[in-house]
Amino acid sequence: MRLSRYFLPVLKENPAEAQIVSHRLMLRAGMIKQQAAGIYSWLPLGFKVLKRIEQIVHEEQIRAGHIPLLMPTLQPADLWRESGRYDDYGQEMLRIKDRHEREMLYGPTNEEMITDIFRAHVSSYKDLPLTLYHIQWKFRDEVRPRFGVMRGREFYMKDGYNFDLTREDALHAYNRHMVSYLRTYERMGLTAIPMRAASGPIGGDNTHEFLVLAQTGESEVFYDAQVPDLKLGDRAVDYDDRDQVAAICQEFTTLYARTDETHDEAVFNQIPEARRCVGRGIEVGQIFYFGTKYSEAMGATVVTPDGTRVPVEMGSHGIGVSRLLGALIEANHDERGIIWPEGVTPFHVGIVNLKQGDTATDAACAGIYKALVAKGLDPLYDDRDERAGAKFATMDLIGLPWRITVGPRGLAGGVVELTSRRTGESEEMSAEAAVDRIAQIYAAHR
């Protein structure tokens, strides 16, 4: 993509309405435009990051054996009356009527609808275990939408639902989701800590929230200082191996880590004082095990091997895809702008032409662009007729992890400059070497 042909409406000044870093930088970098309170249009740069995040979520869900589908945003109110949640959910639910006066709602979550799908098509234990998920827009009519996409009314979310014959099977599904989420966040360059949490309107006995540490987080969190150092890394995970999956979950949940809703001061004080940490966190996901709460109410049953019929054991598992974008910026920025981790960057590398219109420099930039594309990479070429300082400022603001700078002086010596956005370090090398280096860097993120 050439920047002269791209739609990137960057702002030079900080928007007055933006209270936190991610909201400010998303507006300044031309990623979103507010259409109403808590409702945003996703402009091309923001949409690219959103799709990168979505792709990682899909890949890790499928790796864990979960099956994608797509449910509608509008749901009939009668389904929610069956579960008893229609009146209990509160004013965050947007209730509407169609032209025939049928009561509908804009879905804030999909437990009822997925249970309806299940009961219509599954009746035997032989079809279990089963986990279905989708990534879809949701709506919750927040009393006070704020912080941009971090607490909007319309948001993009992955929500998945497991159906199992026994409690033990369902708890394995819970553990499987925890491990798949840990890998998902690590691929995005995030440290998301699973913390014991309250279940809220979803209900259930077991639940963990995944929180990214950030000063702007809405939740107060209490944790052992050793927790953020836990990593899955590149270890192989067999999601069908119950003992292995359970051991990983135990590894990541044994050390103290809780939100303010479930904090236990007496237990916290048993940690050595030097390791007691108090901070703030951004919730980016949550997993629930709630047993037969919905299956009993809605008649989602299966026939067991001995011929009896029982309600299935269930859980639900969500990742805030659009919220993750804000969390990533909160965790990866400096005074100049965003610093995208390689796993989610909208473009893999920026090419800056220091002398637009110079025949040799233009040709070199075009050659680098073509070579990067040939290696399956997605570069952004700043071919605008702008001064160098303005081009650098744009690249710093939008946060591409790597920049290749091409100018007549360097070309005379046979080199271009490769710069890391995160460290600011630059290295001169041939154009071919710069392309190869970028390809090697991203090979680890595929």
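Student: α2 passes α5 in a crossing; is it left-handed or right-handed?
Tutor: Helices here are DSSP runs (H or I, at least four residues) and strands are E runs of at least two, numbered from the N terminus. A crossing is left-handed if the near helix is turned anticlockwise from the far one by less than a right angle, and right-handed if clockwise. Where α2 passes α5, the crossing is right-handed.

Student: Which residues of α5 touch α2?
Tutor: Contact means heavy atoms within 4.5 Å. On the α2 side, that picks out Ile 56, Val 57, Glu 59, Glu 60, Gln 61 and Arg 63. Their partners on α5 are His 177, Ser 180, Tyr 181, Arg 183, Thr 184 and Arg 187.

Student: Before we go on, what kind of model is this, and what pLDDT do side-chain atom pairs need?
Tutor: Residues count from 1 along each chain as its sequence is written, and side-chain values use heavy atoms, with hydrogens and water left out. The model is predicted, and local features need pLDDT of at least 70, totals for chains, interfaces and linings use all residues, and side-chain atom pairs count only at pLDDT 80 or more.

Student: Back to the helix pair: at what angle do α2 and α5 pack?
Tutor: Two packed helices are described by the angle between their axes and the distance between the axes. Axes are lines fitted to C-alpha atoms, for helices over the stretch in contact, and angles run from 0 to 180 degrees between N-to-C directions. For α2 (44–63) and α5 (167–187) the axes are 9 Å apart, and the angle is about 145°.

Student: How many residues of that α2–α5 contact are charged?
Tutor: Asp, Glu, Lys and Arg count as charged; Ala, Val, Leu, Ile, Met, Phe, Trp, Tyr, Cys and Pro as nonpolar; and the others, Gly among them, as polar. The contact has 3 nonpolar and 4 polar residues, and the number of charged ones is 5.

Student: Which residues are linked with Glu 59 and Glu 60 in a network of salt bridges?
Tutor: A salt bridge is a side-chain nitrogen of Lys or Arg within 4 Å of a carboxyl oxygen of Asp or Glu. By that rule the count comes to 33. The residues networked with Glu 59 and Glu 60 are Arg 63, Arg 183 and Arg 187.

Student: How many residues apart in sequence are the parts that Arg 146 and Glu 218 tie together?
Tutor: The pair forms a salt bridge, with the closest N and O atoms 3.2 Å apart. Arg 146 sits in the loop between β7 and β8, while Glu 218 is in the loop between β10 and β11, so the bridge ties together parts whose sequence separation is 72 residues.

Student: And Arg 437 with Glu 427: which helix and which strand do they tie together?
Tutor: Their closest N and O atoms are 3.4 Å apart, which makes a salt bridge. The two parts are 10 residues apart in sequence, and they are helix α13 and strand β23.

Student: Is Glu 101 buried or exposed?
Tutor: Glu 101 is in the loop between β5 and β6, and its phi is positive, about 65°, although it is not a glycine. Buried means under 20% relative accessible area, exposed over 50%, and partly exposed in between (1.4 Å probe, protein chains only). With 54%, Glu 101 is exposed.

Student: What about Phe 147, buried or exposed?
Tutor: Phe 147 lies in the loop between β7 and β8. Phi is positive here too, near 65°. At 18% relative accessibility, Phe 147 is buried.

Student: How many of the residues of α1 are buried?
Tutor: Among the buried ones are Val 21, His 23 and Leu 25. Their cover includes α9, β18 and α11. Helix α1 is mostly covered, and of its 8 residues the buried ones number 7.

Student: Which residue just after α11 takes a positive phi?
Tutor: Buried residues of α11 include Met 395 and Leu 397, and what covers the buried ones includes α1 and α2. Just past this helix, phi is about 80° at Gly 399.

Student: Which proline is joined to Leu 128 by a cis peptide bond?
Tutor: Most peptide bonds are trans. In this one omega is about 0°. The proline, in the loop between α4 and β7, is Pro 129.
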